[in-house]
Amino acid sequence: MSDNGDLTVRTLAMWGIPLSLGVMGLKMVAWWVTGSVALLSDGLESTVNVVAAFIAFFVIRYAQKPADHDHPFGHHKAEYLSAVTEGVLIVVAALLIVNEAVGYLAAPRMLDAPVLGLAINFAAGVINAVWARLLIRTGRKYRSAALAADGQHIMSDVVTSIGVLAGLLLALATGYAIFDPVLAILVAVNIIYQGWKVISQSIGGLMDQAVEPREEEAIKQAIATHAAGSIGVHDLKTRRAGAVTFIDFHMVVPGTMSVRQAHDICDRLEDAISAVHEGAKIAIHVEPEGEKAHGIRVKVVKEA
């Protein structure tokens with residue numbers, strides 16, 4: 001990630017704290033004026049958003065620290081820890097919602113001041129929707145797992161708000177107050193699903209999951225078209241750690257090739273790979289011809 005990318009991610013993470021506090025305040029006001037358990041559940045999820053925003057801010061700052069003696073490959077994986085934590089918090093928020101809603105199933109009640117309460121909740125939902133899209137887009141652009149997870153978390157809050165508003169309007173239109181707690185429970189089920197997606201994606205990063213097939217194909221193409229002079233490339237491996245992708249492979253060269261010539265090919269390959277995969281950390285192991293190829297192979301395009 002570039003310095004500008006680091007700054008952008010940190011700035012958004014910092015602004016997430018006051019914004020989440022403001023949205024939580026709006027939603028709790030909406031609950032206070034209506035007495036709706038569905039709006040209370042929406043507000044409870046927003047309290048988790050506040051905690052998640054603090055976690056994301058501090059973890060992103062730590063993950064962007066440069067490599068040191070104790071962490072020679074950098075601190076990037078800390079972002080995955082934040083993302084997993086956010087996923088767990090999403091699930092906790094859903095369980096809190098279920099706990100509140102179940103108590104109202106036996107004795108549902110109609111809303112007080114429904115128009116004002118729904119208008120406040122709608123405004124909070126719009127703010128969240130705009131903010132979530134910005135976080136997700138920026139997180140993906142700069143490969144910040146923590147920022148993207150925070151955006152996905154907030155987007156699950158938006159889904160909650162939409163469901164709550166729809167259910168409460170239905171309750172008002174039909175006169176059946178039971179729609180209020182029933183909808184809160186249905187929304188909680190969706191939130192649990194969203195939380196599981198965040199957790200599973202982050203665990204993949206912690207387990208050194210390879211890049212996506214589309215990205216791997218681009219890397220192979222860059223190697224194939226810029227490794228002229230070598231005999232072949234094999235044992236290609238990739239892994240992602242936060243904003244950084246680590247790529248390493250073995251390059252076979254003629255036994256008579258000089259170290260300088262082999263080094264020039266390596267430089268050319270590093271430039272080509274970096275052009276299609278910004279922020280990659282590349283390690284190339286040069287081998288003399290005759291070594292047995294293994295792992296993922298790349299067919300090198302020969303010079304005309």
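Tutor: Across the interface of domain 1 and domain 2 the rule finds zero salt bridges, a salt bridge being a side-chain nitrogen of Lys or Arg within 4 Å of a carboxyl oxygen of Asp or Glu. This is a predicted model, in which local features need pLDDT of at least 70 and side-chain atom pairs count only at pLDDT 80 or more, while totals for chains, interfaces and linings use all residues. Residues are numbered from 1 along each chain as its sequence is written, and side-chain values use heavy atoms, with hydrogens and water left out.

Student: How is the area buried between domain 1 and domain 2 to be read?

Tutor: The size of an interface is often given as the accessible area lost when the parts come together. Here about 790 Å² is buried, and carbon and sulfur atoms give 51% of that area; the value uses a 1.4 Å probe and is summed over both parts.

Student: Which pairing does the open sheet have?

Tutor: Strands of a sheet pair through backbone hydrogen bonds, either parallel or antiparallel. The open sheet has three strands in the order 1-2-3, with mixed pairing. Strands are DSSP runs of E, at least two residues long, numbered from the N terminus, and two of them pair if DSSP finds at least two bridges between them. Strand 1 (232–241) and strand 3 (280–288) are the edge strands. Strand 2 (residues 244–253) runs parallel to strand 3, joined by nine bridges, and Phe 249 stands opposite Ile 284 in strand 3.

Notes:
Helix = DSSP H or I, 4+ residues; strand = E, 2+ residues; numbered from the N terminus. Buried area = accessible area lost by both parts, 1.4 Å probe.
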